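Trainee: Please take me through the ligand site in close detail. Then place it among the pockets of the protein.

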Amino acid sequence: MTDILRLPESYTFFLFDTIDSTNDEAKRLIKSGGYEQAVVFSKEQQQGRGRYGKDWYSPEGNLYLSIIIKPTKRLDMLAQASFVAAVALRETLLPFLPEDVNVEYKWPNDVLINGKKVAGILLETVAVANDDVVDRLIVGVGVNVEHFPKEEMRFPATSIVDSGGKQVVLEELLTTFVWHFQEKLDVWQQSGFEGIRKTWRRHARGIGKEVDVHLADETFSGVFQDLDENGALCLKMQNGKERLVEAGEVFFK
Ligand code: BTN
């Protein structure tokens, strides 16, 4: 472990050269060791996973990590943790990027540089003691540092290097992120979601504009009005009514 890897003391750290998925390893660690706070980092992933069962492009050179936490919030509030992570990610990335780039959030939890996706977050819950009680949360984070998928994607992608960013030492990026994440997590757990929500809204892409929303069985458009107090997307529909979306994918016009 190098000096750069000075994480908050409460975290147990696991480092791999390669792994199937850091989220899967986090699940195994929770099941076998009951860890309450840990960070799993791998230089590459063989089966990196994104949201909706999609693959996550995971060659060596990018950042792949999963943070295990013991949430103190109700199950229906846990999705807010992805905004906590997104806000921490933006703050982590800014010092590595040229000043003139635009770093924004895409609902619910992507980070964009000049409109292209640079990072994604995959939240997963685990029940340890009793199948009915979620007592661990895994926050999986992937950041395109050197590489990004170039084949036809549903949404355009970029990397820190492609955006003209500074040379990145992955361990430094990891450590910076974990500290930012812990700080935002404390704010969320102690003072609630409002502060995180306000920060997220300030840098959210598409507020006030028409967006397309894709659900598993439905696609529709509406004006992106706000992020509600629980993290849902508030849309104004053509008929003037408001519609709340709790999970789905957003595309900008
Ligand atoms: C998404 O935008 O679809 C979420 C991508 C999350 C990728 C990260 S990489 C580290 C962790 N391990 C995984 O298998 N997935 C997450």
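Mentor: Start with the classes of residue in the shell around the ligand: 10 are polar, six are nonpolar and four are charged. Keep in mind that this is a predicted model. The shell holds 20 residues in total. S21, Q45, R49, R51 and K117 are the closest of them.

Four elements each give at least two residues: the helix α1 (22-33) and the strands β3 (63-69), β6 (116-126) and β7 (136-143). β6 leads, with four residues.

Take K117 to begin with. A polar atom of the K117 side chain is 2.5 Å from an oxygen atom of the ligand. S21 also faces a ligand oxygen, with an N or O atom of its side chain 2.8 Å away. T22 reaches a nitrogen atom of the ligand instead, and the distance from its polar side-chain atom is 3.1 Å. How much of the ligand does the protein cover? On its own, the ligand has 420 Å² of accessible area, and the protein covers 97% of that.

Now step back to the space itself. The ligand takes up the largest pocket. The volume of this pocket is about 640 Å³. Its lining counts 35 residues, and those closest to the centre are G50, K54, D55, W56 and K117. β6 gives the most here, with four residues. By class, the lining has 14 nonpolar, 11 charged and 10 polar residues.

Turn to the second largest pocket. Its volume is about 470 Å³. The lining is made of 23 residues, and A79, S82, P108, E246 and A247 lie nearest the centre. Two elements, α2 (81-93) and β6, each supply at least two residues of this lining. The largest share comes from β6, with three residues. By class, 13 lining residues are nonpolar, five are polar and five are charged.

Look again at P108, one of the residues nearest the centre of that second pocket. P108 sits in the loop between β4 (103-106) and β5 (110-113). The peptide bond that leads from W107 to P108 is cis, with omega near 0°. Most peptide bonds are trans, and most residues other than glycine have a negative phi.

Y52 is not a glycine, yet its phi is positive, at about 55°. Y52 belongs to the loop between β2 (38-45) and β3.

β6 gives the most residues to the shell, and the space the ligand takes is the largest pocket.

Technical notes: Residues numbered from 1 in each chain as written. Predicted model: local features only at pLDDT ≥ 70, side-chain atom pairs only at ≥ 80, totals over all residues. Heavy atoms only, no water. Near = heavy atom within 4 Å. Polar contact = N/O pair within 3.5 Å; in protein donor to acceptor, adjacent residues only side chain to side chain. Areas by Shrake-Rupley, 256 points an atom, 1.4 Å probe, with all protein chains shown as cover. 1 Å grid on protein atoms, 1.4 Å probe; cavity = no way out; pocket = protein on both sides within 12 Å on 5 of 7 lines; lining within 4 Å. Sits in = over half its atoms within 2 Å of the grid points. Nonpolar A, V, L, I, M, F, W, Y, C, P; charged D, E, K, R; others polar. Points joined across faces, edges and corners; volume = space filled by probe spheres on them.
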